[in-house]
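Then we turn to some backbone details in the loops.

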Amino acid sequence: MKIKMVIILSVVFIAVSSFAQSTLITFDEFDASTGRVRIPNGYQGLNWANFFAFPGAPYTDPGYQAALVSGPNVAFNGGGAPADISSTSTFSLVSGYFTGVFNDGMSIEVQGYDGATLLYDQTYTISLNEPRDYIVFNFNGITDAHFISSGGTADPNNGGGYGFEFAVDNLSISTVPEPSCLALVGLGAISLVVYRRRK
C-alpha cells in the first residue's frame, strides 16, 4: 500500500510541476505594416510598458532586421527609454533574442522584481548587426522585468534616431497557474489517496 501511495504522489508531483507553461512571444499578432503598434496590457497575459511592435523588414535600420527571428515583427523600447513587463502573479523571464537598433555594443540592464523586492540585476552587451544576441535570463519567480538600455557606439549610417532603442524577438516567458488551480490539483490528489486506502 505504501509503495502505491508513493507512486501516486510522485505522479501528482510531476503533474503539478508540468503546470508551468512556457510561452514563446513573437509579437507577430500585431499589424504593424503602417507603423509601430503599442503592445497593450493583457497581451500574452502580461502588462507591457513602453514596448512597441514593429516590422523587422524592409526598414533600413539594421537592428530591427538583425533581431528578426520569426516574421514579421520585433518589439522595441520606445524612444530608448526604460521598458517593463509585469504581472499580478509570478512568472519566469527565460530568454530572448536582442540587438541594438542604432547603437553597437549597447548595454541592457535587466532587473527582476518580486513586488518591491529586487531579485535579479544583470547587465548584458548587445550588438547592432548579426549575429543577434541570444540572452538566457532564467529570472524565476518575478512579477516585474525592468529593461534599461544605455551606451554603445552610434551607427554612422542610420541617419540619426533614438540611440538607446533595442529590438527583441522570440521572447520566452514561463508562467505558473494561480494558487487556486494548484490547490484543486492537491485536493484531487488527496481524494485519490483516500479512495485508494478505502479500497
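Start in this predicted model with strand S4, residues 51-55, which runs antiparallel to S5 and is joined to it by 5 bridges.

Is S5 itself mostly covered or open? Strand S5 spans residues 73-77 and is mostly covered, with 5 of its 5 residues buried. Asn73, Ala75 and Asn77 point one way from the strand. Val74 and Phe76 point the other way. Both sets are buried.

Now step back into the loop between helix H2 (62-67) and S5, where Pro72 lies. The peptide bond from Gly71 to Pro72 is cis, with omega near 5 degrees. Most peptide bonds are trans.

Phi angles come next. Most residues other than glycine have a negative phi. Gln44 is not a glycine, yet its phi is positive, at about 55 degrees. Gln44 sits in the loop between strand S2 (37-38) and strand S3 (47-49). Its relative accessibility is 31%, so Gln44 counts as partly exposed.

Asn50 also has a positive phi, of about 65 degrees, and is not a glycine. Its place is in the loop between S3 and S4. Why does Asn50 count as buried? Its relative accessibility is 19%, and buried means under 20%.

Terms used: Residues are numbered from 1 along each chain as its sequence is written. This is a predicted model: local features need pLDDT of at least 70, side-chain atom pairs count only at pLDDT 80 or more; totals for chains, interfaces and linings use all residues. Side-chain values use heavy atoms; hydrogens and water are left out. Buried means under 20% relative accessible area, exposed over 50%, partly exposed in between (1.4 Å probe, protein chains only). Helices (H or I, at least four residues) and strands (E, at least two) are DSSP runs, numbered from the N terminus. Two strands pair if DSSP finds at least two bridges between them.
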